[in-house]
Amino acid sequence: MTKIAFLLNGTPVNVDDVAPTQTVLDYLRDFEKLCGTKEGCNEGDCGACTVMVTDPTGQVRALNACLLFMPQIDGCAVRSVEGIAHPDGTPHPVQSAMISRHGSQCGFCTPGFVVSMAVAHAQGAQDHDQILAGNLCRCTGYAPIIRAAVAAQSAPVPPHMHADHGLLAQLHTEKAVEAAEDQRYYHPTSLDDFANWYFENPKATLIAGATDVGLWVTKGLRDLPKIAFLGKLKALQSLEIADDHISVGAGVTIAQLKDAIGDIYPSFGQLLSRYGSHQVRQAATLGGNIANGSPIGDAPPVLIALGARLHLRQGKRRRVLNLEDYFLEYGRQDRLVGEFVEKITWPRAAQNLRCYKVSKRRDQDISALCGAFNLEVNAQGLVTAGRIAFGGMSGTPKRARFVETALVGHPWTAQTIEKAAQAFTQDFTPLSDLRASSAYRETTAHNLLVRYFNDLAGKSIDISEVTL
Ligand SMILES: Cc1cc2nc3c(=O)[nH]c(=O)nc-3n(C[C@H](O)[C@H](O)[C@H](O)COP(=O)(O)OP(=O)(O)OC[C@H]3O[C@@H](n4cnc5c(N)ncnc54)[C@H](O)[C@@H]3O)c2cc1C
Ligand code: FES
Ligand code: FES
């Protein structure tokens, strides 16, 4: 029988025989009757279900409980909104500030906001626009909520908000929790064991951050008969920034990636800051973003432009391929049965890397298209090498090889740009869908090349600026 042990609002909880795709949201509301945590969208978009999760390493995250399966919190500490106030009932400083600054009207979104704000408060994070972009409020409006977050900043962090990590150590010594293999799911801690298991169970569903797979269950109502959770595989969470290359394990989250590479590639960092929401970025992994093969995933075009290599493993066998060769056609990738993504590596140097995400909303939106440009221009103003890749322009993330050919070896001028941009029609025949029409995508790809030209000339554009 599978047991899951975790702390809930500071109290140890053991759950026997839990369904592996039971969400933490449903568990809190249905089993614990902790109904402060709300279900708004049940797909990661509204933040009403936000909970605080502290893992055994002490890492604290605000996560969407609707996209979090119960086995993912094994060995962790969870605080729902009911665990944010002091155990004696004294409100947390962010709760007091929400009251005094009139940050709540109907109150449906408020528990999610309070948890996001309390986690940020404990971490001393003050970028409230970023942190709260994944919490939607449809009636109060954001000004009073942001005022409340600012007002609470200077208040001391209540001690119970820092207590979970210490309490977790207790949970482990007392319970010695090890999620073992059972008939329905596997929660490995050894990469070699997992590689062998997956080779023998190639039909199993792998779950990393569950920001995609969660929706298969909550929206697609899919049954997942066999599952492996990858969250305890430390070997997949390695992150190496060397002088000449960068290596990122498949289990590194988008938030961790953003923190690690933001100073090296500011443009990539900015793109990642618009990836989903704060909650989604803290759950979603780079491996999941590549493995799912989505044509509109944000990381693949950038990594292709960086010349990334994908490291795959099947049992004991490893192979490496250029990332662009992994994406064969819509819904089909070059992945053998029982093979998984181990890590992604790329050369560090990319002085001229720029990436542009175009979406209907600035925050919390999937790209209509995403262009990544990485050209080398020598002192004589000649393009000597380059990679350009797009998401949203075809059934897979794809290089714009015709455009690249029209640029390399030519002077880096507005005339060259105009001529090269004509080659986009040879590279791509984009679809029309809900996010953008084919014509819009073609025109925008052309315009992004012009933008890149201006950007390298020092005329960058702030897309959050509205000019009349
Ligand atoms: C609200 C919301 C907003 C989003 N916004 C964005 C966005 O702005 N940009 C964007 O690109 N995406 C976005 N996404 C999509 C999603 O976050 C990403 O695709 C994410 O990177 C998936 O990673 P994960 O770890 O959550 O994957 P999971 O859901 O755990 O898995 C996704 C797929 O990858 C497979 N997989 C995972 N890890 C491995 C591995 N190591 N080897 C082989 N297969 C593996 C799984 O089996 C599954 O098929 C959003 C999703 C939501 C719910
Ligand atoms: S219910 Fe909307 S993000 Fe979870
Ligand atoms: S207070 Fe009503 S949705 Fe935010």
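The radius of gyration is taken over C-alpha atoms, and the rule for a globule sets it at 2.2 Å times the number of residues to the power 0.38. For the 468 residues of the protein chain in this predicted model, a compact globule would by that rule have a radius of gyration near 23 Å, and the chain agrees because its own value is 23 Å. Along the principal axes, the C-alpha trace extends over about 70 × 55 × 40 Å.

A look at the make-up of the chain comes next. The secondary structure amounts to 18 helices and 19 strands. Buried residues account for 47% of the 468 residues. The chain is divided into domain 1, covering residues 3-175, and domain 2, covering residues 354-456. The centres of these two domains, taken over C-alpha atoms, are 40 Å apart.

Strand 17 pairs with strand 16 (residues 354-358) in an antiparallel arrangement joined by five bridges. Here Leu369 of strand 17 stands opposite Val358. Strand 17 also runs antiparallel to strand 18 (residues 383-391), and eight bridges join these two strands. One pairing in this set brings Phe373 together with its bridge partner Ile388 in strand 18. Strands 17 and 18 form a hairpin with five residues between them. Within the turn of that hairpin, Gly381 has a positive phi of about 80°.

Attention now turns to the ligand. Around ligand 1 there are 31 residues, of which Gly209, Gly276, Gly288, Asn289 and Ala291 come nearest. Two or more residues of the shell come from each of strand 7 (205-207), helix 11 (278-283), helix 12 (286-291) and strand 15 (339-347). Helix 12 gives the most, contributing four residues to the shell around ligand 1. By class, this shell holds 15 nonpolar residues, 12 polar residues and four charged residues.

Taken together, the predicted model shows a chain whose radius of gyration of 23 Å agrees with the value for a compact globule. Strand 17 is bridged to strand 16 and to strand 18, while helix 12 gives the most residues to the shell around ligand 1.

Conventions. Residues are numbered from 1 along each chain as its sequence is written. Chains are lettered from A and ligands numbered from 1 in the order in which they are written. This is a predicted model: local features need pLDDT of at least 70, side-chain atom pairs count only at pLDDT 80 or more; totals for chains, interfaces and linings use all residues. A residue is near a molecule or strand if its C-beta atom, placed from the backbone, lies within 6 Å of it. Ala, Val, Leu, Ile, Met, Phe, Trp, Tyr, Cys and Pro count as nonpolar, Asp, Glu, Lys and Arg as charged, and the others, Gly among them, as polar. A residue is buried if 20 or more other C-beta atoms lie within 10 Å of its own, exposed if 12 or fewer, and partly exposed in between; C-beta atoms are placed from the backbone. Domain bounds come from an automatic or database domain assignment. Two strands pair if DSSP finds at least two bridges between them.
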